[in-house]
Amino acid sequence: MRKLIQEVVRVSARIGVAIESARQAAGLSQRALEDRTGISQATLSRIFSGKRPAKMTEIILIADAVGCTVAQLTGTAVADRVQCAARATNGSDMEKMRQRLLHFIELDAYLDDQGIPELPARGGRA
């Protein structure tokens, strides 16, 4: 039972970091996210910090508000298949950087699944 509780806490924290990263990538303040989702700022803050697990209905609302998929926020698709190694030389938060990288990889996989082609490179061809 103790291991299950630890796993729930670990997953909640990971999802909270992913949601916070997606909010920042979308350029939304916590207040703007509250307005778009109807989820109070206090609840959002507890979700971001991992102190409160996000309910699936909340994850769906947040994903819609920040322009992500649920898989991007929960890390259930690409995150399990991606391994990365990086080193920060400026003291950056590595988990935050990993979540941001996974966010873009998930988005790329989603666009591929939807049959949306890559944009041509600036000044060149795709």
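Predicted model: local features only at pLDDT ≥ 70, side-chain atom pairs only at ≥ 80, totals over all residues.
Me: How confident is the predictor in the protein, and in which elements is the mean pLDDT lowest and highest?

Reply: The average pLDDT (the predictor's confidence in each residue, from 0 to 100) is 81, and 88% of the residues score at least 70. Among the elements, helix α6 (residues 94-113) has the lowest mean, 74, while α2 has the highest, 95.

Me: How many helices and strands does the protein have?

Reply: There are six helices and zero strands. Helices (H or I, at least four residues) and strands (E, at least two) are DSSP runs, numbered from the N terminus.

Me: How do you know that the span of α1 agrees with its number of residues?

Reply: The expected span of a helix is 1.5 Å times one less than its number of residues. The 24 residues of α1 should therefore span 34 Å, and the end C-alpha atoms of α1 are 35 Å apart, which agrees. After α1 comes Gly27, whose phi is positive, near 70°.

Me: Why is Glu34 called buried, whereas Arg31 is called partly exposed?

Reply: Buried means under 20% relative accessible area, exposed over 50%, and partly exposed in between (1.4 Å probe, protein chains only). Glu34 has 18% relative accessibility and therefore counts as buried. Arg31 has a relative accessible area of 47%, so Arg31 is partly exposed.

Me: Which other pairs form salt bridges?

Reply: The structure holds three salt bridges. Glu20 and Arg23 meet at 2.7 Å, N to O; both lie in helix α1, three residues apart, and both are buried. Glu58 and Arg52 meet at 2.9 Å, N to O. Glu58 counts as buried because its relative accessibility is 10%, and Arg52 is buried because its relative accessible area is 17%.

Me: What makes a set of residues a nonpolar core, and which members of the largest core touch the most other members?

Reply: A nonpolar core is a set of buried Ala, Val, Leu, Ile, Met, Phe, Trp, Tyr and Cys residues joined through side-chain atoms within 4.5 Å. Of the 16 residues in the largest core, Ile19, Leu33, Leu44, Ile62, Val66 and Leu73 touch the most other members. Helices α1 (2-25), α3 (41-49) and α4 (56-66) each supply at least two residues of this core, and α4 gives the most, with five residues.

Me: Which residues does Ile62 touch?

Reply: Leaving aside residues up to four places away in sequence, Ile62 touches Ile19, Leu33, Thr37, Ile39, Leu44 and Leu73. Contact means heavy atoms within 4.5 Å.

Me: Which residues of α1 are buried, and what covers them?

Reply: The buried residues of α1 include Ser12, Ile15, Gly16 and Ala18. Their cover includes α2, α3, α4, α5 (70-74) and α6.

How values were computed. Residues numbered from 1 in each chain as written. Heavy atoms only, no water. Salt bridge = Lys/Arg side-chain N within 4 Å of Asp/Glu carboxyl O.
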